[in-house]
Amino acid sequence: MNKNIKEEQPNVNVKLTDSTAIRCEKCDCEAFVEGMLLRKVPKLIAGTPQDALVPLPTFACSQCGHVNKAFYPKGLPTE
Ligand SMILES: [Zn+2]
């Protein structure tokens, strides 16, 4: 289920000097906190008695709470 996320995990041998900072698109902050996106799937599609909630782990800016577009799972519609 989380196959895509696993494939994006970095190689542990990568040197930090080869990396670049990711900044918040809104306030330029470099620090992020773990967050959780919640997607609701209508019960008719999920095949469950009630609407299903799908949690998707992501990162949010620690200052303004903004989630960069790059942190949304692929294929997710971003409004
Ligand atoms: Zn921010």
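**A short tour of a predicted protein chain**

Hi everyone! Let's start with strand β1, residues 32-41: none of its ten residues is buried, so this strand lies largely in the open. By buried I mean that 20 or more other C-beta atoms lie within 10 Å of the residue's own; exposed means 12 or fewer, partly exposed is in between, and the C-beta atoms are placed from the backbone. Strands here are DSSP runs of E, at least two residues, while helices are runs of H or I, at least four, and both are numbered from the N terminus.

Two quick notes. Residues are numbered from 1 along each chain as its sequence is written. This is a predicted model, where local features need pLDDT of at least 70, side-chain atom pairs count only at pLDDT 80 or more, and totals for chains, interfaces and linings use all residues.

Now, what is the order of the elements from the N terminus on? They run α-β-α-β.

Back to β1: ten bridges join it to strand β2, residues 52-61, and the two run antiparallel. Strands pair if DSSP finds at least two bridges between them. In this pairing, Lys40 stands opposite Leu53 in β2.

Next, Asp28, in the loop between α1 and β1. Its phi is near 75°, a positive value in a residue other than glycine. Is Asp28 buried or exposed? Asp28 is exposed, because 11 other C-beta atoms lie within 10 Å.

Finally, confidence: pLDDT is the predictor's confidence in each residue, from 0 to 100. The chain's mean is 87, and 84% of its residues reach 70 or more. Confidence is lowest in helix α1, residues 3-7, at a mean of 56, and highest in β2, at 95.
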